[in-house]
Amino acid sequence: MEKNIAQNIFDSIVHSYDKFLNSTTFGQIKKWQKELIENSKIGKYAVDIGTGTGEVIKYISEKFPYAKPIGLDISFQMLKKAKEKGIKATFIKANALNMPFKDNSIDNIFCSLSFRHFPTDLAIKEFKRVLKTGGEISILDISKPKSKIFYNAVYFFADKIFRPIGRLIFSKEEYDYFVESVENSKTVPELVKIFEENQFKIKYTKERFFKLIHIIVVEKI
C-alpha cells in the first residue's frame, strides 16, 4: 500500500486503534509489549517506529528515566493522540524507510505490530544505517503460521469471522488493509535467517498466542 494511503488510514482510525488492538489480542497486547521491552537492552536513544498512540514509548519513558524515547509515525493524528497522553518523549512524523537520524546514532529500534507493513529489505537496510554497533531491533508482530492449513484457517477467521466486528470500527478499505497485512507476515525462522544474513545476532525469540504472535530481539554486530 502506498504511503499516503496508509497515512490516511491510520489518521482515520486513531480513535478506535487502542480499542481494536486490545480486543483482537484479547487484552494481551500490553503484556507482550512489556515482554518486548524488558528483553531489550535499553540505551539512551530508543526509537519506536510506527508508534501509533505511543504505548511502547510510554512504558520506556516510565521505566527507564535515563532514556530519551522517540516515537516515529507517518500518521500525524496518531502522534497527536500519543502526545495527548502526556508521554515524555519526542514525536516525529517521518517515513520508517527514510528516518531523519544520522548514521550509527540510535541505540534501539522498536516495531510493535508495524514491521510487516514495511518492505523487509529496505527496512533492515535503513534500520542498520541508523543503529549503533551493539544496538538492537526489537519486533513484536504477527507470525505467519508454518502450516498452510493453519494459515488458511487464520485468514478465514480474520476475513470471515472477525470482519463483521472489524467493520463496526473500520471502513472496508481500512479493515482490508489489516487483513491483507497478514500475507506480509513472516515466521520466526524466516526472520532469524534474514537478520543473520544482514549481520545481526539473535538475542531473544518467543512465540505467543498459539504461535500467532512473535517477539524477536536482534543486535547489530
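Author: What follows goes from the chain as a whole to the helix pair, and then to the aromatic residues and one loop.

This is a predicted model, in which local features need pLDDT of at least 70, side-chain atom pairs count only at pLDDT 80 or more, and totals for chains, interfaces and linings use all residues. Residues are numbered from 1 along each chain as its sequence is written, and side-chain values use heavy atoms, with hydrogens and water left out.

The secondary structure of the chain comes to ten helices and seven strands; these are DSSP runs numbered from the N terminus, helices being H or I with at least four residues and strands E with at least two. Of the 221 residues, 51% count as buried. Buried means under 20% relative accessible area, exposed over 50%, and partly exposed in between, with a 1.4 Å probe and protein chains only. Among contacts in the chain with a separation of 6 or more, 67% come from residues 24 or more positions apart, a contact being heavy atoms within 4.5 Å.

The helix pair is H3 (residues 29-38) and H4 (residues 55-63), whose axes come within 10 Å and cross at roughly 55°. Axes are lines fitted to C-alpha atoms, for helices over the stretch in contact, and angles run from 0 to 180 degrees between N-to-C directions. H3 and H4 are therefore oblique to each other; angles under 35 degrees count as roughly parallel, over 145 as roughly antiparallel, 65 to 115 as roughly perpendicular and the rest as oblique. The crossing of H3 with H4 is right-handed, that is, the near helix is turned clockwise from the far one by less than a right angle.

On the H3 side, the contact is made by Lys30, Gln33, Lys34, Ile37 and Glu38, and on the H4 side by Glu55, Val56, Tyr59 and Ile60. By class, the contact of H3 with H4 has four nonpolar, one polar and four charged residues. Here Ala, Val, Leu, Ile, Met, Phe, Trp, Tyr, Cys and Pro count as nonpolar, Asp, Glu, Lys and Arg as charged, and the others, Gly among them, as polar.

The buried residues of H4 are Glu55, Val56, Ile57, Tyr59, Ile60 and Ser61. They pack against H3 and also against strands E1 (46-49), E2 (70-73), E3 (90-93) and E4 (106-112).

The structure holds eight aromatic pairs. Rings of Phe, Tyr and Trp (its six-membered ring) pair if their centres lie within 6.5 Å; planes under 30 degrees apart count as stacked, over 60 as edge-to-face and the rest as tilted. The rings of phenylalanine 64 and tyrosine 66 have centres 6.2 Å apart and planes at 80°, so this pair is edge-to-face. Phenylalanine 64 is buried at 19% relative accessibility, while tyrosine 66 is partly exposed at 47%.

Trp32 belongs to one aromatic cluster with Phe26, Phe209 and Phe210. Phenylalanine 209 lies in the loop between strand E6 (200-208) and strand E7 (213-220). Its phi is near 55°, a positive value in a residue other than glycine, and at 28% relative accessibility phenylalanine 209 is partly exposed. Lysine 211 is found in the loop between E6 and E7. Lysine 211 has a positive phi of about 65° although it is not a glycine, and it counts as exposed at 53% relative accessibility.
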